[in-house]
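Subject: Handover of the two-chain model

Dear colleague,

I am handing over the structure below, and after it you will find an account of what was found. Please read the two side by side.

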Amino acid sequence: MTPTFTTLGSPRLSMGFDRFERLDLGRHRAMHGRIPPLSLGDLIELVERVDLRGRGGAAFPFGRKLAAVSTTGPPAVVLVNAAEGEPGSLKDATLLTRAPHLVLDGALLAAAALHAREVVVGVVEGGPGESSLREAIAEREPRVPVRVVGLVERFISGEGGALVRAASGDVPIPPGRKVRASTSGVDGFPTLLSNAETFAQLAVLASLGPELFASAGTPREPGTVLLTVAGATVVEVAAGTPLRTVLEHCEVDPGQGVLVGGYHGAWLNPQAAASAVVSRAGLEAVGGTLGAGIVLPLGHGVCPLEEVIGVTTYLAAQSAGQCGPCRLGLPDVVRTLSELAAGSGGIAAVRRAVGIGRGRGACNHPDGTARFVSSALEVFARDIEIHRDHGTCGLPTGVSLPLPRDDTAPRLTIDWARCAGHGVCAYVVPELVHLDRNGYPVLVNSPMPAWVEREARRAVAMCPALALRMTGGR
Amino acid sequence: MNPRPMDEPVTPKWLLPVLANVAIAVLAGTATPPGAAAVAAAQSFLLLYAGVFALVGMSLTMIVGLVATDRSLLGIRHRVLAQAVHRASSMAAMAFLVAHLVVKILAGHARAADAVVFRPTALGLGALAFDLLLMVMITGLLRAWFAAGTRPGLWRTLHVISYFAWPVAIVHGLTAGRQAAGWVTWGYVLSLVTVGLALLTRVLLVVRPVDPVREALEPDSPRRETSVRPTAVRR
């Protein structure tokens, strides 16, 4: 699906998008000019004057990142994170397909200032961004070698640590112990790691200069922001634009609530969404987060609780399966949510399940999922009440939020006529099976993550009643 | 409970090289005089005891396999453990059984055909037991395949054959070859009786009266399996 692109106000990153499908080197130079090289000191000063922050979600000050890498020692690596694993985000892919030279300009500017040995760009393997980027690298002759690393698209592959591992030729999962990329990143070299949009913003900043750059946006957060709205439209807006204006511009309704910051973000109720402005401070003021600029309104006429369960199930299956709090904790969240939807559980049980991962695990996957679920409990409180009393809200239950479909993954199936409630399966694969109060299995209804497949096969082989089997499969 | 590294292959990577190296070392070792003596000693040991070990392993497999099905006394973790012991001891028993056949044939105590062809002699009973146990083992390994198929109950029918093959193997063990000591004979008889009683208990505990509804649906198949439930309606 190619995202549509629109601009609210004057375009910056998206300059020329109205006329050209893709800005090749000639068009890019005509739009943005040739960026003069800067010394590291000048670059840090420039960045700090507009307080440029990382655009991947964490909003870490980019100047401090630059300063952290600059220490004299082995040569640095510049790592561009364009491997957005979030199903609701299309901004990095849009940048790579339409303005690849802008991202490269920013990355090469930083690389020159740091005297880096190479630039590595992590992209979604086989995505449209990859070919456009490779073409762009061929069009110019970068002074620093640029390497492209393709990652299989999954939620946690966009995590910084996972990307560093991928760029070092390792399995793309978050490392178990946190290591600062600025100290030891790609192949052990100090690494400047940031999101593709950050580097594009850096190029724009260097080309416009700090005064012009700050002519859009708020005083605290100058410049523009790339948003992905409803998983379909990428829009560049000045920071401080009302969220309502953005939604109107994209012709979507806030509906029953708006998810900001993606599946690790938070839900806003329609009133909060109507009063919020698009900036880090503006969204935090109403209990949301800007994150990577994902805005997902939930339309009327779908069951919000089922949507939340669908997304949480997806998030549980996206776990790398290496940390206990995530591997067992997230299926537990799905389970308590499902019980809540069926009217047999309670909010307290969901809160307990959500609290288990807090601050634990190699990455913030359990934490982010907890924020997503907790905010949903607040915003959809009315729907949950209806579920509690009636076991359903009567609204249709197809998941409307963007989720990748994985029909190739195997699933466990139970032959109910044979199942005798031995409970061996729940003991062997607690990640996929738990027992109801009568001792019969309840399956987490999600495509099976690869890391649990072996145990699932063991459960199939061990079922005393021969009632369990695997269907589908790669 | 299970520390689980990513993408771990079913057999560890080091297994094949280690096995190959050990095989080469053993072959090289036999060329030296002490090596040859060691191999000869191993052969005569296997000639005497491989069959005994196979039979003891089989008995253990039978007992533990039966124990693993118990729901009244054992918790799930014990049943999972019992299943693992059942599998491991059956593999060990089969390995000793194959060793038993190979050394007996190499020593000229039997012909190759005697290993598989049934005749109404002490030797022939061993062949019958081997054939049946081989089938039970192969279908046992394919358990998940049966579970996924249209007739999972077939697996149980095939596996139950071991309750016939095992006593045959014991009779072979006691009648063929050297005279068994009295306590050995009594040991086997005790195992047979224990397993027989345990099996009787299992059948009595587990097989329920046929459901009248099912009876009505399937009047011509009032089957009683030793399974935990009557067979599925759709069959």
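A salt bridge is counted here when a side-chain nitrogen of Lys or Arg lies within 4 Å of a carboxyl oxygen of Asp or Glu. By that rule the structure holds 20 salt bridges over all chains. Please keep in mind throughout that this is a predicted model, and that the values below are computed from it.

Salt bridges within the chains

In chain A, Glu118(A) and Arg147(A) form a salt bridge whose closest N and O atoms are 3.0 Å apart. Glu118(A) belongs to strand β3 (residues 118–124) and Arg147(A) to strand β4 (residues 146–151) of chain A, so this pair ties together parts that are 29 residues apart in sequence. The two partners are placed as follows: Glu118(A) counts as buried, at 10% relative accessibility, whereas Arg147(A) counts as partly exposed, at 28%.

The side chains of Arg458(A) and Glu455(A) meet in a salt bridge at 3.5 Å, N to O, and both residues lie in helix α20 of chain A, three residues apart, which is about one turn of the helix. Here Glu455(A) is buried, with a relative accessible area of 9%, while Arg458(A) counts as partly exposed at 35%.

In chain B, Asp114(B) forms a salt bridge with Arg111(B), and the closest N and O atoms are 3.5 Å apart. Asp114(B) is buried because its relative accessible area is 9%, under the 20% limit for that class, whereas Arg111(B), at 55% relative accessibility, counts as exposed. Back in chain A, salt bridges that share partners join Arg55(A), Lys91(A), Asp92(A) and Glu197(A) into one network.

The interface of chain B and chain A

How many salt bridges does the rule find across the interface of chain B and chain A? It finds zero, although the rule for polar contacts finds eight residue pairs across that interface, with both residues of each pair at pLDDT 80 or more. On the side of chain B that touches chain A, the elements that give two or more residues are α3 (76–106), α5 (143–148) and α6 (153–160) of chain B. Of these, α3(B) gives the most, with six residues. By residue class, that side of chain B divides into 12 nonpolar, three polar and 11 charged residues.

The size of an interface is often given as the accessible area lost when the parts come together. For chain B and chain A the buried area is about 2,800 Å², with 52% of it on carbon and sulfur atoms. The contact takes 30 residues from chain A and 26 residues from chain B.

The domain assignment of chain A gives domain 1 (4–213), domain 2 (224–298), domain 3 (312–390) and domain 4 (411–471). Taken over C-alpha atoms, the centres of domain 2 and domain 4 of chain A are separated by 40 Å.

Thr241(A) has its place in strand β8 (residues 241–242) of chain A, and it is buried, with a relative accessible area of 15%. Its side chain reaches the backbone oxygen of Ala238(A) at 2.5 Å. Leaving aside neighbours within four places in sequence, Thr241(A) is in contact with Leu8(A), Val246(A), Val277(A) and Val278(A).

Leu466(A) lies in the loop between α20 (453–462) and β16 (468–471) of chain A, and it is buried, with a relative accessible area of 0%.

With kind regards

Terms used. Residues are numbered from 1 along each chain as its sequence is written. Chains are lettered from A and ligands numbered from 1 in the order in which they are written. This is a predicted model: local features need pLDDT of at least 70, side-chain atom pairs count only at pLDDT 80 or more; totals for chains, interfaces and linings use all residues. Side-chain values use heavy atoms; hydrogens and water are left out. Contact means heavy atoms within 4.5 Å. Buried area is the accessible area (1.4 Å probe) that two parts lose on being put together, summed over both. A polar contact is a pair of N or O atoms within 3.5 Å; within protein, one must be able to donate a hydrogen and the other to accept it, and residues adjacent in sequence count only if both atoms are side-chain atoms. Helices (H or I, at least four residues) and strands (E, at least two) are DSSP runs, numbered from the N terminus. Ala, Val, Leu, Ile, Met, Phe, Trp, Tyr, Cys and Pro count as nonpolar, Asp, Glu, Lys and Arg as charged, and the others, Gly among them, as polar. Buried means under 20% relative accessible area, exposed over 50%, partly exposed in between (1.4 Å probe, protein chains only). Domain bounds come from an automatic or database domain assignment.
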